[in-house]
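Here is a short note for a colleague who is opening this model for the first time. Please keep the structure in view while reading the numbered points.

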Amino acid sequence: MKGIGGFYYVSDENGAVHECKARGRFRKEKMKPMVGDLVEFEELAGYNSIEEILPRKNEIRRPAVANIDRMLLVLSAGKPAADLLLADKLLIQAEQNNVVPLVVINKTDTDGKRAEELEEQYACYNTVLTSARNTEGIDALKERIRTLCVCLAGQSAVGKSSLINRLDESFDLETGGLSKKTDRGKHTTRQAELFYIKDCDAYVVDTPGFSMFDVEMKKKEIAGYYPDFSQFRQKCRFVSCLHDREPDCAVKQAVETGKINRERYERYLRIIHSLEEK
């Protein structure tokens, strides 16, 4: 369920939580229990020991979680201003690890027009509009995560912990505001933690917010993780088209005709150019 300072908290089949240590051999194998792992543990003299980490169906590097069915990318329609370059990188990572993304546009009560703009930019993904303040969209969100194991990802102060509090009113997770100096979020969630939402039989991982994340793959692979490019890529003149400087590029033509969002395409270029610089 969570790990703090070398101790791991494991929920058994009856819902009881046990404090465990991990076997030393995991360090030699360069493995570490992650939130979301299925494990086997044993009660030894005076403490519980994680003996086995069962095979993972997937794992995400940031936030560090395993066995996730869906990643909920939370964006703010108000403050802090949505970092869409970070959002695009997280969506690429989800697709790369066979995790289905869901874009959650929160704080719709603060700026409805901005919420609509974000929904339009990410129209190629499943989206849900929410307000943790007035519970708008919470029932729809519950239906999207029913029986699944999902993780929340995104910047600080976009409302991840507040959404979990709304999914189950019995929770009272600490929530933070914005720094008056920078309009950036204050970190209140300090480690990933798994919560069970009884109302929809789902597990939800709350994760710390962050502002920096780099994609690690070859630049020619990036476009394959953009679902909005997929129907146009095969029409490019060159099979190896990067959709950047090449002639007769169907993706660029789709941008010019408004079939692909221009801002999202320009962020794609920033990502592949940053990989070139590396």
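1. Two terms come first. A contact means heavy atoms within 4.5 Å. Helices (H or I, at least four residues) and strands (E, at least two) are DSSP runs, numbered from the N terminus. The model is predicted: local features need pLDDT of at least 70, side-chain atom pairs count only at pLDDT 80 or more, and totals for chains, interfaces and linings use all residues. Residues are numbered from 1 along each chain as its sequence is written, and side-chain values use heavy atoms, with hydrogens and water left out.

2. Overall form. The protein has 9 helices and 13 strands. Its C-alpha trace spans about 70 × 45 × 35 Å along the principal axes. For 278 residues, a compact globule would have a radius of gyration near 19 Å; the protein has 20 Å, which agrees. That radius is taken over C-alpha atoms, and the globule rule is 2.2 Å times the number of residues to the power 0.38. Among contacts between residues at least 6 apart in sequence, 63% join residues at least 24 apart.

3. Burial. Buried means under 20% relative accessible area, exposed over 50%, and partly exposed in between (1.4 Å probe, protein chains only). By this rule, 46% of the 278 residues are buried.

4. Helix α5. Which residues of α5 are buried? They are Lys160, Ser161, Leu163, Ile164, Asn165 and Leu167. That makes 6 of the 8 residues of α5 (residues 160-167), so the helix is largely enclosed by the rest of the structure. The cover over these buried residues includes β8 (70-76), β9 (100-106), α4 (138-145), β11 (149-153), β12 (193-197) and β13 (202-206).

5. Two strands pair if DSSP finds at least two bridges between them. β1 and β2 pair in the antiparallel sense over 3 bridges, and Ile4 stands opposite Phe7 in β2. Their hairpin has 2 residues between the strands, and Gly5 in the turn has a positive phi of about 55°. β2 also pairs with β3 (residues 17-22), antiparallel over 4 bridges; there, Tyr9 has Glu19 as its bridge partner. This second hairpin has 5 residues between the strands, with Gly15 at a positive phi near 90°.

6. Faces of β2. The side chains alternate along β2.

7. The largest pocket. A pocket is found on a 1 Å grid over the protein atoms alone, as an open set of points where a 1.4 Å probe fits, with protein on both sides within 12 Å along at least five of seven lines; lining residues have an atom within 4 Å of a point. The largest pocket holds about 860 Å³ of space. Its lining has 35 residues, and Met1, Met34, Val35, Gly36 and Asp37 lie nearest its centre. The elements giving two or more residues to this lining are β1 (2-4), β2 (7-11) and β4 (39-44). β2 gives the most, with 5 residues.

8. Backbone points to check. Most residues other than glycine have a negative phi, and most peptide bonds are trans. Lys30, in the loop between α1 (25-28) and β4, has a positive phi near 55°. Lys30 counts as exposed, at 80% relative accessibility. The peptide bond from Lys79 to Pro80 is cis, with omega near 0°. Pro80 lies in the loop between β8 and α2 (84-96).

Conventions: Points joined across faces, edges and corners; volume = space filled by probe spheres on them.
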